[in-house]
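Dear colleague,

Please find below the structure that I am handing over to you. My notes on it follow directly after.

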Amino acid sequence: SRANAPRARSWVPRSGPRWTEFGRELAAFERWLLPGECLLCKGAVEPDPRDPLVCAPCRARWTPLPHPQCPRCGQPTTNGVACRLCADWPPGLAGVRSAVWLGDTARQAVHLFKYQGWRRLAESFAVTLRRIVSIPPGSVLVPIPLGAARLKVRGYNQSAELAASLGQLFRLSVAPDVLRRRRETGTQTVLTPEARRANLAGAFVAAGQVPRTAVLVDDVFTTGATLFEAAGALLQGGASRVSAVTFARAPLPLADALAAAEA
C-alpha cells in the first residue's frame with residue numbers, strides 16, 4: 001500500500017554541488033566523531049581532508065637522506081670520497097633519488113604497503129617524495145614490474161601504486177606496461193650485492209612505446225641492482241635518459257660506519 005511505501009528522499013540531491021557539500025560535511029563529522037587511527041603508532045590521526053593513514057608525528061620520524069649525495073646514485077657521501085656504489089652503472093642511468101632512510105617506522109610502513117594490502121599508503125609516500133625529490137617536467141614514470149606469480153599473490157604492484165600517486169601530484173604520465181619481467185626472480189632479501197645483480201640479470205625487457213625520458217619508480221632502494229637492470233632494458237628499448245626515484249633507501253654497512261664515525 002502507499003502507506004507502507006518508502007519515502008522519496010527528495011530533500012537530498014543525489015548529485016550536484018549540494019550533494020557534494022553534504023558528503024564533505026558528513027565525512028568531516030565522521031572524522032570528528034571517530035578519528036582515524038594511525039597505522040604505525042595506533043594513535044589518533046589529526047583531522048585532514050585527505051584522511052591520512054599515518055599521523056604527523058610518525059611521518060616526522062621518516063628521516064630524509066643527508067647531503068652531500070652522489071649525483072648519480074643519490075647515496076650520501078663524505079666530501080672528497082668517490083662513490084663506489086654506482087661505478088659500473090650504465091651511462092644512460094642519469095641518477096637516483098630517495099626520500100627517506102628505511103628506518104623503523106618507514107620500514108613498518110613499507111611492510112604494510114607491500115604485504116598487508118594498504119595500497120593507499122602510496123599517497124603518503126608520494127607526498128613525502130614531492131617535498132624532497134624533484135622530477136623533470138615531461139618525464140614519464142615507469143614502475144618496476146612484479147613477476148606474474150608474485151603479482152597474483154599480492155594482488156597489486158606496489159611500485160605501480162606509488163607511480164600513480166606521483167603522477168597525480170607531479171602531473172606526469174605513467175607508463176605501467178612499458179617495462180616487463182622476462183622471468184620470475186627469487187627473493188632478494190638475503191642476497192649480497194653481487195648475488196642480487198646475478199639474480200636480476202636479463203630479468204627485464206622493454207615493450208611498446210618506450211619514453212625518451214623515463215623515471216623508474218620503486219618503493220625501496222637497497223643496492224641499486226633492480227634499477228640497474230631495469231634502466232638497461234629501457235635504454236636498449238630506445239630511451240635516451242633514465243633516472244629513478246624511490247620512497248626509502250636501506251642504509252649500507254659502509255654508510256652506517258661513516259655515520260657512526262662522524263657522530
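Which residue with a positive phi follows H8? The residue after H8 is Gly238, and its phi is near 120°.

Before the remaining findings, a word on conventions. The model is predicted, so local features need pLDDT of at least 70 and side-chain atom pairs count only at pLDDT 80 or more, while totals for chains, interfaces and linings use all residues. Residues are numbered from 1 along each chain as its sequence is written, and side-chain values use heavy atoms, with hydrogens and water left out.

Overall picture

The chain holds nine helices and seven strands (DSSP runs numbered from the N terminus, with helices being H or I of at least four residues and strands E of at least two). Of its 263 residues, 43% count as buried; here buried means under 20% relative accessible area, exposed over 50%, and partly exposed in between, with a 1.4 Å probe and protein chains only. Among contacts (heavy atoms within 4.5 Å) between residues at least 6 apart in sequence, 70% join residues at least 24 apart.

Helix H8

Helix H8 covers residues 225-236. From its first C-alpha to its last it reaches 17 Å, close to the 16 Å expected for 12 residues at 1.5 Å a residue; the expected span is 1.5 Å times one less than the number of residues. The helix is mostly covered, with 10 of its 12 residues buried. Among them are Leu227, Phe228, Glu229 and Leu234.

Two packed helices are described by the angle between their axes and the distance between the axes. The axes of H3 and H4 come within 10 Å and cross at roughly 135°; these axes are lines fitted to C-alpha atoms, for helices over the stretch in contact, and the angles run from 0 to 180 degrees between N-to-C directions. H3 and H4 are therefore oblique to each other, given that angles under 35 degrees count as roughly parallel, over 145 as roughly antiparallel, 65 to 115 as roughly perpendicular and the rest as oblique. Their crossing is left-handed (the near helix is turned anticlockwise from the far one by less than a right angle; clockwise would be right-handed). On the H3 side the contact is made by Ala109, Val110, Leu112 and Phe113, and on the H4 side by Leu121, Ala122 and Phe125.

Two further residues of H4 deserve a note. Thr128 lies in this helix, which runs over residues 121-132, and counts as buried because its relative accessibility is 2%. Leaving aside residues up to four places away in sequence, Thr128 touches Trp62, Ala99, Val100 and Phe247. Glu123 is also placed in H4, but at 39% relative accessibility Glu123 counts as partly exposed. Glu123 and Leu162 are 39 residues apart in sequence, yet 7.2 Å apart in space, C-alpha to C-alpha.

Salt bridges

Side chains of opposite charge can pair when their charged atoms come close. How many salt bridges does a search of the whole structure find? The search finds three, where a salt bridge is a side-chain nitrogen of Lys or Arg within 4 Å of a carboxyl oxygen of Asp or Glu.

- Lys114 and Asp219 meet at 3.5 Å, N to O. This pair links distant parts of the chain, with Lys114 in H3 (residues 104-115) and Asp219 in strand S6 (residues 213-221), 105 residues apart. Lys114 is buried, with a relative accessible area of 18%, and Asp219 is buried at 3%.
- Glu161 and Arg119 meet at 2.6 Å, N to O. Glu161 belongs to helix H6 (residues 158-170) and Arg119 to the loop between H3 and H4, 42 residues apart. Glu161 is partly exposed at 21%, and Arg119 is partly exposed at 39%.
- Glu123 and Arg120 meet at 3.9 Å, N to O. Arg120 is partly exposed, with a relative accessible area of 36%.

With kind regards
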